[in-house]
Amino acid sequence: SLLQQQIAVLDKALAESRQLQEKTAEGLARLRVIELLQQRQAEDARLLRYLAREISPAIQLAKIGRNGNTLLLQGSAPSRAQLMQLLRGLEAGSFTDAPVLLESAQPAPGAFKIAANLLPSQIASLANQVRPKKTSDSAPEESAPTEIESDATGMAWLAIGLLALAALALGIWRRCRPRQGASLFAAINALDPKQVGTWPRSVRLLVLAELALFASCFAWLFAIGPALEELDHQRQNALQLQQTLPAKQQAVANLDADRARFVAMEQKLATSMQRLPLKIDEAQLFAAIEALAQAHGLAMATPLAALPPVQEELYASRDLPLQLSGSPVAIQTFFADLQRLPQLVVLGDFELARLAHAEQAGKGWRFDATLRALLAPDPAQAAKQKKNSKGRKA
């Protein structure tokens with residue numbers, strides 16, 4: 001009972017430790033999401049910088065676009081050597097993989113169209129990579145106690161009793177037979193049960209021994225035997241509990257460390273989640289984006305309007321369609337400055353095309369893009385998605 005009480009306390013501490021580990025893993029997954037989103041924001045800025053500043057001025061780009069994980073470039077090159085240099089530069093970059101030169105049906109002199117695969121983002125598969133796993137108890141698996149059968153001992157005592165009864169009957173027959181050749185039943189009938197004192201001494205001793213033997217067998221079968229079985233059962237349970245106790249104590253020894261890690265994770269997550277609010281302040285965010293666009297000399301074709309939120313497993317987002325016109329360098333610096341906003345904003349699909357109309361030649365380029373404002377997931381929606389995910393797994 002004392003061991004059971006100690007292990008019950010340890011099991012309660014182990015349950016708390018497992019819960020803390022699961023919550024810590026979930027919080028670290030959210031932190032990893034924020035870090036990857038910030039990393040993606042920096043990679044988008046580097047991609048725009050490369051397209052705006054590091055491509056040779058001799059190559060005339062007409063259209064640059066990103067659709068999902070594919071980067072498309074259209075333009076013209078003065079020579080085949082400069083086109084190959086552009087392909088090698090894209091392949092050597094850290095954000096594209098395996099650029100392919102697409103052939104058109106009626107290619108113009110020097111015209112090219114390049115498709116390159118952007119390196120896959122880690123955010124899409126993050127939920128499967130860092131989803132918290134259920135931690136199992138580190139104590140060894142307990143096997144069911146083996147029941148000790150003592151029926152064989154009881155049967156042995158019963159056999160001894162039957163042998164003693166046979167010996168008693170034989171002694172009565174030998175002592176009490178009235179004449180030569182008398183039967184056993186006649187010898188037994190000759191004994192008067194009302195005058196036991198008249199029986200031969202040997203017969204009385206045999207009867208007393210037989211009664212004592214039967215009393216012993218009865219006590220063993222109905223009292224001593226079950227008590228011994230229960231005692232053996234309790235001893236085995238105590239032995240197993242003693243073997244389990246050190247492992248549980250060792251597992252519980254990390255409880256304080258688990259609490260400290262959980263508190264540190266919560267503090268770090270609270271700091272990082274400031275860039276992922278539950279709702280965006282549309283007026284403040286739109287004003288900051290418009291001010292940045294004006295500061296870089298960019299014209300905004302349409303006013304900003306946020307689309308309905310999209311709930312992911314570890315974060316949510318709201319898309320902001322954006323239409324700007326200006327030079328590629330101004331667009332690149334504009335997006336680089338977006339990283340300084342309190343709200344975490346990343347670049348989605350975009351298309352950067354040269355303006356063809358003469359009256360818009362001063363603006364240079366048109367930039368159609370989707371800005372994605374990241375949010376913390378709605379707790380109700382996240383719980384609903386988690387429940388649906390469990391249902392699909394089942």
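Reply: The accessible surface of the protein chain comes to about 23,800 Å², and 56% of that area belongs to carbon and sulfur atoms. Please keep in mind from the outset that this is a predicted model, in which the chain averages a pLDDT of 77, with 75% of the residues scoring at least 70. The secondary structure comes to 10 helices and 9 strands, and of the 394 residues of the chain 34% count as buried.

Let us turn to the part you asked about. Strand β1 covers residues 60-67 and strand β2 covers residues 70-76, and the two pair in the antiparallel sense over 7 bridges. One of the positions you can look up is R66, whose bridge partner in β2 is L71. Together β1 and β2 form a hairpin with 2 residues between them, and G68, in the turn, has a positive phi of about 70°.

Strand β1 also pairs with strand β8 (residues 345-354), to which it is joined by 4 bridges, and these two strands run antiparallel. Here you can follow I64, whose bridge partner in β8 is L352.

L72 counts as partly exposed because its relative accessibility is 32%, a value in between the cut-offs of 20% for buried and 50% for exposed. With V100 and L102, L72 makes a nonpolar surface patch of about 210 Å².

For a contrast, consider R30, which lies in helix α1, a helix covering residues 2-54. R30 has a relative accessibility of 17% and therefore counts as buried, since the cut-off for that label is under 20%. Leaving aside residues up to four places away in sequence, R30 touches L269, L314 and P377. As for the chain in general, among contacts between residues at least 6 apart in sequence, 72% join residues at least 24 apart.

Confidence is highest in helix α8 (residues 282-295), at a mean of 91, and lowest in helix α3 (residues 126-130), at 45. Over residues 122-149 the pLDDT stays under 50, and for this stretch the model has 49 contacts beyond four places in sequence. The pLDDT also stays under 50 over residues 358-362, for which the model has 1 contact beyond four places in sequence.

Notes: Residues numbered from 1 in each chain as written. Predicted model: local features only at pLDDT ≥ 70, side-chain atom pairs only at ≥ 80, totals over all residues. Heavy atoms only, no water. Buried < 20%, exposed > 50% of the residue type's maximum accessible area, 1.4 Å probe, protein only. Contact = heavy atoms within 4.5 Å. Pairing = 2+ DSSP bridges. pLDDT = per-residue confidence, 0-100. Patch = residues over 30% accessible without salt bridge, like charges linked within 9 Å, V, L, I, M, F, W, Y side chains within 5 Å. Areas by Shrake-Rupley, 256 points an atom, 1.4 Å probe, with all protein chains shown as cover. Salt bridge = Lys/Arg side-chain N within 4 Å of Asp/Glu carboxyl O.
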